[in-house]
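Reader: Could we go through this structure together? I would like to begin with the terms.

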Amino acid sequence: MVEDLAITIKSEKEIQLMREAGKILSQVHDILAKEIKPGATTKDIDIAARKAIADFGCKPSFLGYNGYPAAVCVSVNDEVIHGIPSKKRILKEGDIVSLDCGVIYKGYQSDAARTVACGKISAEAQKLIDVTRESFFSAIKYAKAGNHLYDISAAVEDYVTPYGYTCVRDFVGHGIGREMHEDPQIPNFHQKRRGPLLVPGMTLAIEPMINIGRPDVVWMDDDWTIVTEDGSLSAHYENTILITEEGEPEILSLVQPV
Ligand code: MF3
Ligand code: CO
């Protein structure tokens, strides 16, 4: 099969704008994580997201995207992705809350997700959150010029499988730049081929969505919220990264702790 992908290679100038977008999104996530506490509604999180994004002079990339009604996706427990904020949804002690958010800075996008604990959570839930995050870091070791895209995909699955966890198969990571979703699609599980060659200047959103139970997911009646079919907990971790000339990728949407 012949690949016909339009994977954009960003110029230094574009990369600089994506760095700025990412740095802002990282800070937005830090602000949102602090809002996760028992008694808060998921709508409160959206209000905080809209304010933070505006305060940084950015636009929320999710708001209005295919009609999505909020600036952030807030997915609780067995909700995998695309939870719509609601003033009726009150967070409680022990919940795990996946926050997925995107910003546009001077025409360039950044996309990132974190799963956050609401108060004290079970050891089982914490382990899922940790392993999901670690699977991202393990996988991006393969995000190097000269490697192939699906090396990253395989590494996510290889990391989580020994824990008995599964990778959601119906949703994938993606290229990102002027558009939130650009080529290529980036599955979080083994592919039959190694896929497209990684080239410096590619910007990719790598986003493992990991379930404690089975990988199968279902759509809720709101046409957005995705939940695990078996009701098991799910976690999400995503960053926008840059393939560099040599060595490790640059994680654009995470201000590295020093
Ligand atoms: N961050 C999601 C992704 O990675 C996009 C959210 S969909 C939206 O694909 F509609 F909420 F924008
Ligand atoms: Co994404």
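Author: Contact means heavy atoms within 4.5 Å. This is a predicted model, in which local features need pLDDT of at least 70, side-chain atom pairs count only at pLDDT 80 or more, and totals for chains, interfaces and linings use all residues. Residues are numbered from 1 along each chain as its sequence is written, chains are lettered from A and ligands numbered from 1 in the order in which they are written, and side-chain values use heavy atoms, with hydrogens and water left out.

Reader: Which residues is His-181 in contact with, leaving aside neighbours within four places in sequence?

Author: They are Tyr-65, His-174 and Gly-175. With Tyr-65, the side chain of His-181 makes a polar contact of 2.6 Å (a pair of N or O atoms within 3.5 Å; within protein, one must be able to donate a hydrogen and the other to accept it, and residues adjacent in sequence count only if both atoms are side-chain atoms).

Reader: Is His-181 buried, exposed or partly exposed?

Author: His-181 counts as partly exposed because its relative accessibility is 41%; buried means under 20% relative accessible area, exposed over 50%, and partly exposed in between (1.4 Å probe, protein chains only).

Reader: How far is His-181 from Gln-109 in space?

Author: The C-alpha atoms are 9.4 Å apart, although the two residues are 72 apart in sequence.

Reader: Turning to ligand 1, what distances separate it from the side chains of Asp-100 and His-181?

Author: A nitrogen atom of ligand 1 is 2.8 Å from an N or O atom in the Asp-100 side chain. For His-181, an oxygen atom of ligand 1 is 2.5 Å from a side-chain N or O atom.

Reader: And Glu-238?

Author: One of its polar side-chain atoms lies 3.5 Å from an oxygen atom of ligand 1.
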